[in-house]
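Subject: structure handover

Hi,

Here is the structure I said I would pass on.

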Amino acid sequence: MSDFFQRLEERSRKINSLLCVGLDPRHAIQPDMGAADSVSGMIEENKRIIQATSSYALAYKPNIAFYEALGAPGLQALEITLELIPDEIPVILDAKRGDIGATALAYERAVFGHLNADAVTLSPYMGRDSVEPFINHSKTAAFILCKTSNPGSGDLQLLSQNDGEPLYVRVAEIAGSWGQNVGLVVAGNDLDALRAIRARHPEMWFLSPGIGAQGGSMLEAVEAGVNSRGTGIIPVVARGISQAEDPEAAAAALVSELNEAVEKVLAKRKNEGAGHAGSPGDLLKDRVLSGLIDARCFKTGEFTLKSGERSPFYIDLRRVMSYPSLLKDVARAYARLIHELRREGKDFDHIAGIPVAALPLATAVSMETGIPMIFPRMNAKSHGTGNTVEGNWKSGEKVLLLDDLITRGTSKIEALDILKEAGLKVEHLAVLIERGERGRKDMTAAGIDLRSFARLDEFLPHCVRKGLIQEDELESLMKYARS
Ligand SMILES: O=P(O)(O)OC[C@H]1O[C@H](OP(=O)(O)OP(=O)(O)O)[C@H](O)[C@@H]1O
Ligand SMILES: O=C(O)c1cc(=O)[nH]c(=O)[nH]1
């Protein structure tokens, strides 16, 4: 852990608080106030807040815009404010900087050199070099804007990526690779974002505005964002304190609300036990698995499978094509698997869907990823072209085999033989659902690397939640799947 985050961790234990107090005096944007009054008013207001809250504040966060708006006197008010803050309390300067080269260096000098702040907020959109000067010091840190609390935050931050995840998930992943001195701004009023990012970054510190005046609930934000040590989230409150009649009482009340929330959440997690079913924060997986149930893709009864075995349930993914928005999510799910493979350096000239169930799915995946589709004919065509593999392909090209699900891999081996016979290279198989453990064993024996989006033990609990199967049936179905 970096020195800055270590310092936060220690101070949070010492004063038993995670609260960050915003110092955002709005004098400059109040039209009836003259500049001189504004400057002295700002200092007075900040003095009053700091004196009232210094034993409750894990950190202070002045937003530089309210000071810059008054020009040189405003910046002087900021400098005086920073001097009023006791040395042991970290200052996070909310500046949302982001520029390159010498400019980034100049911003860094202003923030950490001249103003002597301990941390800063930065925009990630100009990339690593724009952040680099701020994260090279062991004592200071940068909070990267990941998912913000404003109404327009979704315009860019929610844009769906090739793997189906919103852009902010990718931002968190990239920022997380920038080293130890990096935290994230994750809105306290966006519980989905808090959950999604916490699930992927169990230890990172989040600066979380959006609670109170912007509508977020302290308990819900803590529930979604606190880490396993009961820290890692810094709820920011500005107006809730500065506009309170008694800022000290307001801060004290917020801290006890916050601490109660942390205790409640940790106790609840302990009761639930580690590793409970499902993966919290995996929004795409939740959506797809629930969507399959809503589309009645899961059926109980007596079924004969492709392998000839009997089964007490059947997953009919042919129905997905009748639900366009589910089909789109399913395509994103496969795209996630392809994205993972590409990150491992594996790439493909074609996706080959196995007829019949996987044909509409592979078409959607091809459109989602831009990888051209082909398919093997399970029965060679005896008229027309006589093709065994349809589409535009050449011998020697690399193919990702794609099927809806895997039980034993019977149909995969048949498809593999046809593709190999045509001179295509197949080493990987992607499926949406892995029905049990035997399919994986069969694929390993055939030299095929299997990637699945969800396993049956992740799917069945959704069926219980949606009332499709009873809790007591779950165990026997799981047992069947494992047998
Ligand atoms: O893992 P496996 O042992 O291969 O079994 C699973 C396969 O069986 C089904 O296809 P099926 O051949 O029944 O029908 P389809 O023509 O509708 O795809 C299903 O769509 C899977 O592709
Ligand atoms: O193994 C199979 O044939 C099979 C199982 C299942 O759940 N769904 C399906 O379409 N096929």
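Before the notes, a word on handedness: a crossing of two helices is called right-handed if the near helix is turned clockwise from the far one by less than a right angle, and left-handed if it is turned anticlockwise. Please also keep in mind that this is a predicted model.

**Overall picture**

The chain has 483 residues, and 44% of them count as buried. Its secondary structure comes to 19 helices and 16 strands. If you take the contacts with a separation of 6 or more, 68% of them are between residues 24 or more positions apart.

**Two helix pairs**

Let's start with α14 (residues 324-343) and α15 (residues 358-369). Their axes are 8 Å apart, and the helices pack at an angle of about 65°. Angles of 65 to 115 degrees count as roughly perpendicular, so that is the label for α14 and α15. The crossing of α14 past α15 is right-handed. On the α14 side, the contact is made by Leu327, Lys328, Val330, Ala331, Arg332, Tyr334, Ala335 and Ile338. On the α15 side you'll find Leu361, Ala364, Val365, Met367, Glu368 and Thr369. Sorted by class, that contact has 10 nonpolar, 3 charged and 1 polar residues.

The other pair is α9 and α10, whose axes cross at roughly 25° and come within 7 Å. Angles under 35 degrees count as roughly parallel, so α9 and α10 are roughly parallel to each other. Here too the crossing is right-handed, with α9 passing α10. From α9, Leu191, Leu194, Arg195 and Arg198 meet Glu220, Ala221, Ala224 and Gly225 of α10. The classes in this contact are 4 nonpolar, 3 charged and 1 polar.

While you're looking at α9 (residues 191-200), which of its residues are buried? They are Ala193, Leu194, Ala196, Ile197 and Arg198.

Around ligand 2 you'll see Leu305, Lys306, Ser307, Tyr314, Ile315, Asp316, Ala357, Leu405, Thr407 and Arg435. That shell splits into 5 nonpolar, 3 charged and 2 polar residues.

**Backbone details to check**

Most peptide bonds are trans, and most residues other than glycine have a negative phi. Against that background, a few places deserve a click.

- The peptide bond from Pro355 to Val356 is cis, with omega near -5°.
- Asn16 has a positive phi, near 55°. You'll find Asn16 in the loop between α1 (3-15) and β1 (20-23). Is Asn16 buried or partly exposed? It counts as partly exposed, because it has 14 C-beta neighbours inside 10 Å.
- Lys96 also has a positive phi, near 45°, but Lys96 lies in a strand, β3 (residues 92-97). With 16 C-beta neighbours inside 10 Å, Lys96 counts as partly exposed.

**One glycine**

Finally, Gly423 sits in the loop between α16 and β15 (425-434). Gly423 has 12 other C-beta atoms within 10 Å, so it is exposed. Leaving aside residues up to four places away in sequence, Gly423 touches Ser395 and Gly396. Gly396 is 27 residues away from Gly423 along the chain, yet their C-alpha atoms are separated by 5.6 Å.

That's everything from my side for now.

Cheers

Definitions and conventions:
Residues are numbered from 1 along each chain as its sequence is written. Chains are lettered from A and ligands numbered from 1 in the order in which they are written. This is a predicted model: local features need pLDDT of at least 70, side-chain atom pairs count only at pLDDT 80 or more; totals for chains, interfaces and linings use all residues. A residue is near a molecule or strand if its C-beta atom, placed from the backbone, lies within 6 Å of it. Ala, Val, Leu, Ile, Met, Phe, Trp, Tyr, Cys and Pro count as nonpolar, Asp, Glu, Lys and Arg as charged, and the others, Gly among them, as polar. Axes are lines fitted to C-alpha atoms, for helices over the stretch in contact, and angles run from 0 to 180 degrees between N-to-C directions. Helices (H or I, at least four residues) and strands (E, at least two) are DSSP runs, numbered from the N terminus. Angles under 35 degrees count as roughly parallel, over 145 as roughly antiparallel, 65 to 115 as roughly perpendicular and the rest as oblique. Two residues are in contact if their C-beta atoms, placed from the backbone, lie within 7 Å. A residue is buried if 20 or more other C-beta atoms lie within 10 Å of its own, exposed if 12 or fewer, and partly exposed in between; C-beta atoms are placed from the backbone.
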